[in-house]
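Subject: Handing over a structure, with notes

Dear colleague,

I am passing on the structure below, followed by my notes on what was found in it. Please read the notes with the model open beside you.

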Amino acid sequence: MMDASHAAERPLRVVVSGGSIAGLGTGLALHRAGIDVHVFEQDGGAMRSAGAGLVVQPELAALFRPADGATLPTTRCRGRQTLGFDGEFGPLQRMPQQFTSWTAVHATLLQIFPGERYHRGATVERFTRNEHALQVDIGGVGAVTADLLVAADGAQSPLRRTLLPEVQPHYAGYVAWRGTVPERDMPQDILDAFDDVFTFADARSGGHALAYFIPGENLETAPGARQMNWVWYVDANAAARDDLLVTRDGVQRRASLRRGMARQSVVANLKARAVAELHPMFARLIAQTAEPFLQTIVDFAAPRTVFGRTVLVGDAAFIVRPHTAGGAAKAARDAQLLAEALRAPRSEIDRSLDRFQREQLHYGQSLLAYGVQLGRRWARLGPD
Ligand SMILES: Cc1cc2nc3c(=O)[nH]c(=O)nc-3n(C[C@H](O)[C@H](O)[C@H](O)COP(=O)(O)OP(=O)(O)OC[C@H]3O[C@@H](n4cnc5c(N)ncnc54)[C@H](O)[C@@H]3O)c2cc1C
């Protein structure tokens with residue numbers, strides 16, 4: 001290990017736990033700032049997402065630069081429409097928007113971030129701190145010395161649970177069913193109803209659904225090769241949620257079901273309920289979906305995000321409701337803010353991280369509150 005005087009001359013060494021959007025985004029922003037950063041992702045495979053969609057926000061777009069030689073695949077729409085449950089089509093409201101998918105963001109970040117700094121099948125297990133540095137134990141890699149450890153390990157963040165064992169995500173009282181349908185499989189009349197618009201649909205018993213086109217399975221953006229992405233927010237008390245989360249193999253999941261996990265009877269119920277509750281075009285879109293998947297809606301705010309030389313970013317720090325369309329953008333914003341904070345001279349880093357924390361907490365708390373408000377106003381869901 002290097003001594004303190006030596007340490008002042010070399011770039012800061014940063015270990016990032018988690019290689020999804022927050023982890024890769026942080027890796028990229030820090031690498032651009034000249035920091036010696038390595039990202040460790042526990043998943044050893046290709047991390048194929050369920051392919052679900054994201055609204056492109058400016059903070060997310062700002063991660064990608066023309067000079068990188070890789071462009072984020074996106075789809076577009078010219079405006080919004082609302083479908084009523086009795087079959088009416090609301091007027092088109094002009095509001096151009098861009099969309100992408102988790103898969104597209106992840107794949108594009110991987111193209112830009114140096115491959116030798118991204119380690120798959122590498123689980124961050126624990127860390128210890130001595131006077132000069134952190135030692136991070138990484139399964140599949142060994143012990144790594146770092147000046148800073150970034151927890152970008154998601155909503156269930158193992159690192160956060162060791163740092164803040166007493167705070168837990170709070171279930172908001174409803175779930176999001178999601179699905180995708182390849183454009184080539186959509187009948188022409190459904191395609192016509194959803195093309196070029198961001199569609200919202202009110203459900204008869206409360207709640208709402210939305211749909212928009214995202215890049216295709218191989219990230220194609222041309223019409224004909226895209227996928228239609230939909231989300232339907234549905235009330236579920238804790239017992240109903242737990243029942244939904246039992247997989248077709250009988251396993252009780254805690255927070256989500258990936259594609260192919262939902263029981264056939266549950267999927268059949270969902271499709272029947274869509275016919276009773278949603279505009280017929282939306283119900284047909286859901287009926288066309290081979291394997292809907294599910295995400296429970298939770299709220300979480302970390303009371304602090306900087307613990308000496310360990311920092312929480314992305315969903316490890318704040319989990320906001322998907323109505324904000326802000327989770328990936330928040331992760332990108334954390335990445336940029338942290339890179340700026342770490343540009344400070346070594347003697348100023350503690351103060352700089354303190355400013356980073358204040359700004360991150362302020363933004364996260366406002367986005368969280370906005371999501372709760374949108375949940376009440378738009379989705380009319382959840383007990384709170
Ligand atoms: C495979 C996948 C697909 C997703 N698809 C979508 C989507 O389609 N639409 C959407 O809105 N959001 C999706 N999300 C969630 C979305 O990425 C987040 O809500 C948001 O972008 C912030 O991400 P995050 O990086 O903070 O957390 P996450 O995306 O949850 O990533 C956390 C990462 O940390 C890794 N990790 C956890 N513990 C360890 C450890 N001990 N050591 C090393 N690595 C660890 C996990 O494997 C995971 O890759 C997806 C997440 C994943 C992991």
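How many bridges join strand β8 to strand β9, and in which sense do the two strands run? Five bridges join β8, which covers residues 134-139, to β9, which covers residues 142-146, and the two run antiparallel. Helices (H or I, at least four residues) and strands (E, at least two) are DSSP runs, numbered from the N terminus, and two strands pair if DSSP finds at least two bridges between them.

Before going further, please keep in mind that this is a predicted model, in which local features need pLDDT of at least 70 and side-chain atom pairs count only at pLDDT 80 or more, while totals for chains, interfaces and linings use all residues. Residues are numbered from 1 along each chain as its sequence is written, and side-chain values use heavy atoms, with hydrogens and water left out.

**The sheet around β8**

Strands β8 and β9 belong to an open sheet of three strands in the order β7-β8-β9, with antiparallel pairing. Its edge strands are β7 (123-129) and β9, each of which pairs on one side only. Neighbouring strands of this sheet are turned by 25 degrees against each other on average, with direction ignored; the axes behind such angles are lines fitted to C-alpha atoms, for helices over the stretch in contact, and angles run from 0 to 180 degrees between N-to-C directions. Between β7 and β8 there are six bridges in the antiparallel sense, and phenylalanine 127 stands opposite valine 136 in β8. On the β9 side, aspartate 137 has alanine 143 as its bridge partner. The hairpin of β8 and β9 has two residues between the strands, and glycine 140 in this hairpin takes a positive phi near 90 degrees.

**The span from the record**

UniProt, in an unreviewed entry, places the feature "domain: 2,6-dihydroxypyridine 3-monooxygenase substrate binding" at residues 171-299; its positions are given in the numbering used here, feature names are shortened, and annotations may be inferred rather than shown by experiment. In the model, the end C-alpha atoms of residues 171-299 lie 7 Å apart, and the span is 28% helix and 33% strand.

**A pair of helices**

Helix α8 (residues 264-277) packs against helix α9 (residues 280-287) at an angle of about 170 degrees, with their axes 8 Å apart. That makes α8 roughly antiparallel to α9, a description used for angles over 145 degrees. In their contact (heavy atoms within 4.5 Å), Leu270, Lys271, Ala274 and Val275 of α8 meet Ala283, Ile286 and Ala287 of α9.

Aspartate 196, in the loop between α6 (188-194) and β12 (197-202), has a phi near 70 degrees, a positive value in a residue other than glycine. Leucine 219, in the loop between β13 (208-214) and β14 (227-235), likewise has a positive phi, of about 70 degrees, although it is not a glycine. Aspartate 196 counts as partly exposed at 31% relative accessibility, and leucine 219 is partly exposed with a relative accessible area of 22%; here buried means under 20% relative accessible area, exposed over 50%, and partly exposed in between (1.4 Å probe, protein chains only).

Aspartate 315 lies in the loop between β18 (310-312) and β19 (318-319) and is partly exposed at 32% relative accessibility. Leaving aside its neighbours within four places in sequence, aspartate 315 is in contact with Gly154, Ala155, Arg160 and Lys330.

Methods:
Parallel < 35°, antiparallel > 145°, perpendicular 65-115°, else oblique.
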